[in-house]
Amino acid sequence: FDRMKQAVSRTREALSESIGSVVALTREIDENNLDDLELVLLASDIGSVTTGEIITHLRERALRQGINDGAELKSLLKAELRRILDSVAHPIAHPSTPPEVIMMVGVNGTGKTTTTGKLAALYRSQGRSVLLCAADTFRAAAIEQLEVWAGRSGVQLIKTRQGGDPSAALFDACTAAKARATEILIVDTAGRLHTKSDLMKELDKMRRTAEKLIPGAPHQTLLVMDATTGQNGLQQARLFTEAARVTGIVLTKLDGTAKGGIVVAIARELGLPVLYAGVGEKMEDILPFDPAAFVDSLLD
Ligand code: GDP
């Protein structure tokens, strides 16, 4: 909880300062306050659709029973955010026999390779066996970068050369993971292709390769998103949700933004839960995402 609080400190400060400036804490909330609150929510990247919905609910409440003061407004806002985040939560379908295959997808520069490395270290620290597959054969340094991460966390890596066929690397990795009874296979994929249909074709081919060797694979497809890219990042993310069966989001660089409201926009507009948050550049800077801790950290 403390690490989450620290990670969203910039968002919390921005929110509490602006909420403080739109409502006098001791006065009843009126229509003007809600208009101002709308701007505050938009500024924190909660997104126009989601903000509109929240403000509508608060307005209904204000008309029906009134909102007595700023503290009550904050707690109603918390409940709204929780409702949206909880509505997309779902249990993860872990396979009954290993390996569990996790595909990492997302645009270059969002922190996909770093996150792949951090996740490997996280699962290792939980005592699970991990194998990495470097299938980002598009970006020049991605394979070497993942090798460094593999070395740091003491996990094995299966790779192909740059420009090689990612599905070939994945085939080798699935075969190795099965032979070694590795518990978790994490696959780093290319973040950029020439067109959306190229992207779709490649991710689809990889999915079919994994599925052929390991029933139900990939069990999770995690889309890596950069919190600092806001609504623009949301647009790019849609491309991936259309190209792959994304099951959850890893939101990186939450430490570097005052607009952590993007978590709520992701839930409401992509219909996907944030499962992990990246909160720095180091190996241990990844947190399993807890909606309750997040909302409490934002608005306490
Ligand atoms: P990729 O192209 O998506 O594989 O991106 P990289 O993994 O190479 O990461 C791009 C940059 O973002 C690197 O400088 C990382 O150190 C940095 N980065 C990744 N995740 C985080 C995070 O959670 N917080 C911060 N502050 N930086 C991050």
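In this predicted model, alanine 181 is partly exposed, because its relative accessibility is 46%, which falls between the 20% and 50% cut-offs. Alanine 181 sits in the loop that runs between helix H8 (166-179) and strand E4 (184-189). Its phi is near 50°, a positive value in a residue other than glycine.

Aspartate 45 also has a positive phi, about 70°, although it is not a glycine. This residue belongs to the loop between helix H3 (31-43) and H4. Aspartate 45 counts as buried, because its relative accessibility is 9%, under the 20% limit.

Two cis peptide bonds can be described. One joins proline 98 and proline 99, with omega about 0°. Proline 99 is placed in the loop between helix H5 (70-87) and strand E1 (100-105). Another cis bond leads from alanine 217 to proline 218, and its omega is near -10°. Proline 218 lies in the loop between helix H9 (196-213) and strand E5 (220-226).

Lysine 112 is part of helix H6 (residues 112-125). Its relative accessibility is 4%, so lysine 112 counts as buried. The side chain of lysine 112 makes a polar contact of 3.2 Å with the side chain of aspartate 188. Beyond its neighbours within four places in sequence, lysine 112 touches several residues, among them Met104, Val105, Asp136, Thr189 and Val224.

Threonine 50 lies in helix H4 (residues 48-65). With 0% relative accessibility, threonine 50 is buried. A polar contact of 3.5 Å links its side chain to that of glutamate 269. Leaving aside neighbours within four places in sequence, threonine 50 is also in contact with residues including Ile84, Val264, Ala265 and Arg268.

The overall fold was then examined. The protein contains 12 helices and eight strands. Its radius of gyration is 21 Å, close to the 19 Å that the globule rule gives for 300 residues, so the protein is as compact as a globular protein of that length. The C-alpha trace spans about 65 × 35 × 35 Å along the principal axes. Of the 300 residues, 53% count as buried. Among contacts between residues at least 6 apart in sequence, 77% join residues at least 24 apart.

The accessible surface amounts to about 13,100 Å², and 50% of it belongs to carbon and sulfur atoms. The protein carries 35 positive and 38 negative charges, whose mean positions are 7 Å apart.

Methods:
Residues are numbered from 1 along each chain as its sequence is written. This is a predicted model: local features need pLDDT of at least 70, side-chain atom pairs count only at pLDDT 80 or more; totals for chains, interfaces and linings use all residues. Side-chain values use heavy atoms; hydrogens and water are left out. Helices (H or I, at least four residues) and strands (E, at least two) are DSSP runs, numbered from the N terminus. The radius of gyration is taken over C-alpha atoms; the globule rule is 2.2 Å times the number of residues to the power 0.38. Buried means under 20% relative accessible area, exposed over 50%, partly exposed in between (1.4 Å probe, protein chains only). Contact means heavy atoms within 4.5 Å. Accessible areas come from the Shrake-Rupley method with a 1.4 Å probe; for residues, only the protein chains shown count as cover. Lys and Arg count as positive and Asp and Glu as negative; His and the chain ends are not counted. The place of a charge is taken as NZ of Lys, CZ of Arg, CG of Asp or CD of Glu. A polar contact is a pair of N or O atoms within 3.5 Å; within protein, one must be able to donate a hydrogen and the other to accept it, and residues adjacent in sequence count only if both atoms are side-chain atoms.
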